[in-house]
Each structure stands twice: as structure tokens, then as C-alpha cells.
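I opened this one up to get my bearings. Here are my notes, in the order I looked things up.

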Amino acid sequence: MAAGAVPASISCLKSRDSGLGFAKSSDFVRLSDLKRIKSCRTRVSVIRNSNPGSDIAELQPASEGSPLLVPRQKYCESLHKTVRRKTRTVMVGNVAIGSEHPIRIQTMTTSDTKDVAGTVEEVMRIADKGADIVRITVQGKKEADACFEIKNSLVQKNYNIPLVADIHFAPSVALRVAECFEKIRVNPGNFADRRAQFEKLEYTEEDYQKELEHIEQVFSPLVEKCKKYSRAMRIGTNHGSLSDRIMSYYGDSPRGMVKNFLVIAEQS
């Protein structure tokens, strides 16, 4: 008989076999028996709940020849139906996103943001076509000032569609436009960092820590302002805007993208 423990939240496949049982604790399922079966040309261990109709968990060796069994990774929740990942609700103005709410349609304007009348007209056309949220690029102070006029004009025309400010390299602009737009989108690679020069930099732990402190000093005021005005925030990392700091420390890699996001998210 083999015994072990796996997370109780593991969702599993059905088994026709019976007689195998386990006892459930608050966080883990205690295995009282394992049965070896052949599946997809490999040998896996199967755990079955003693209750009829319950699911089972498939286990496989952590590595070739390893005695440690780990849950088999699933490609997705279901191959036969759409299953949404459970998230919390986030409000963008009067529009709820995430959780059980409908998938929202968002697009971005192409007009010059300083062209208030043109941008207002474009937002209205987008709203009339059924979009839920509109993103507008806000490059500098003049564009930020125009955002107040854009928002006021739309409200006067009875258009309450939430607006998102797309921010790059401009923390002060983000602070300003957070007073009138419902959501702020920042890129963690270029919010507090300079534009990448694609230079290989050498960092000591002390140097790196100083840069993190600088990011906190620049980013925290925006977090506080968004809380004050109940604004949503999107931290949108991408491959094309990793800072020299991130690429020097983690390389031009997926790991760098993740760390790029986490550095900002941890300040929130």
C-alpha cells in the first residue's frame, strides 16, 4: 500500500475502479491507497474518492525514475467546454469585468488626443458600435489637459463609457489624468525606467535595490491616487519594453517579463 498527500483542490478524471479511498483534511487529501494503471502509454498513479461518482487525481513521477509522485499537469480545465478562470470583480467606472461578468469589448482611439472634438467623435462612434471601454493614449501634459475636456464633453452628450489612459514614460501625466479617467494603464518597463538603450549593465545587489526603491517612490503616488478616486489600474507588461535593468539582470526572456510585472505589482 502506498500513501501520500495531494492538494484537495485537484480536479481529476473519472475512474471505473472502486474500493480505493482517502480521508479529506482542510488543505490536503490523504491517500490511503494508490492503483497503478496504464494511460497514454505511460504508467500513472490514480487516486479515487470512495464516494461514488467522485473524481480521481492522476499522478506521475516528478522526473524519470523519481519515487516522488506529483499531479499530472492539465492542458486546460476541460477539453469539451469553456471554463473561465475564477477571478474577482474589478470595476472600471460603471463596467464590471472579471468573475462571472461578460467578456468586455475594448478598443483604442487613433485620433490625436489633443484634438478634443475628433477624439470625442471617435469615442462616440465606438460606443455606438457596442464597445464597453475605450483606451486613449496620453503622451504628455497637453494630452492630459485635453482628457478633461474629452471627458466633460462626453458626459454632456450622455456618453458614460469608461475611458482608459495609456501611459508611457510619464508618471506625472498618469497622476493628472487619474483625476478624470476611470482606468490607468501603465507599462512596468517604462513607467519609472528610462527608455531602453539595450546596454548590458552590471548591477550589484545594492545598485539593484536602489533602483527598486526609486520605482516605489515613483509608482506609489499613482497607487494612492487611484485608490482615492476609485480608479482601476492595468499593469501591462510586454516583450518590447523591458528596461535595461531587467534585461541585464534576467535577460531578454519570459522570466524577465514576469519579473518586470512583479516589481510594479509588489508596490501596489
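**Notes on a first look**

I started with Val258, which counts as partly exposed because its relative accessibility is 48% (buried is under 20% relative accessible area, exposed over 50%, partly exposed in between, with a 1.4 Å probe and protein chains only). This is a predicted model, where local features need pLDDT of at least 70, side-chain atom pairs count only at pLDDT 80 or more, and totals for chains, interfaces and linings use all residues. Residues are numbered from 1 along each chain as its sequence is written, and side-chain values use heavy atoms, with hydrogens and water left out.

Val258 sits in helix H6, residues 254-265 (helices are DSSP runs of H or I with at least four residues, strands are E runs of at least two, numbered from the N terminus).

Next I checked Met247, which I found in helix H5, residues 244-250. Is Met247 buried or exposed? Met247 counts as buried, because its relative accessibility is 15%. I also looked up Met257: its C-alpha atom is 9.1 Å from that of Met247, and the two are 10 residues apart along the chain.

Then I turned to the sheet. Five strands form an open sheet with parallel pairing, in the order S10-S11-S12-S13-S14 (two strands pair if DSSP finds at least two bridges between them). At the edges I have S10 (106-108) and S14 (232-235), each pairing on one side only.

Last, I followed S10 to its partner. S10 and S11 (residues 133-137) run parallel and are joined by three bridges. In S11, Val134 stands opposite Thr107.
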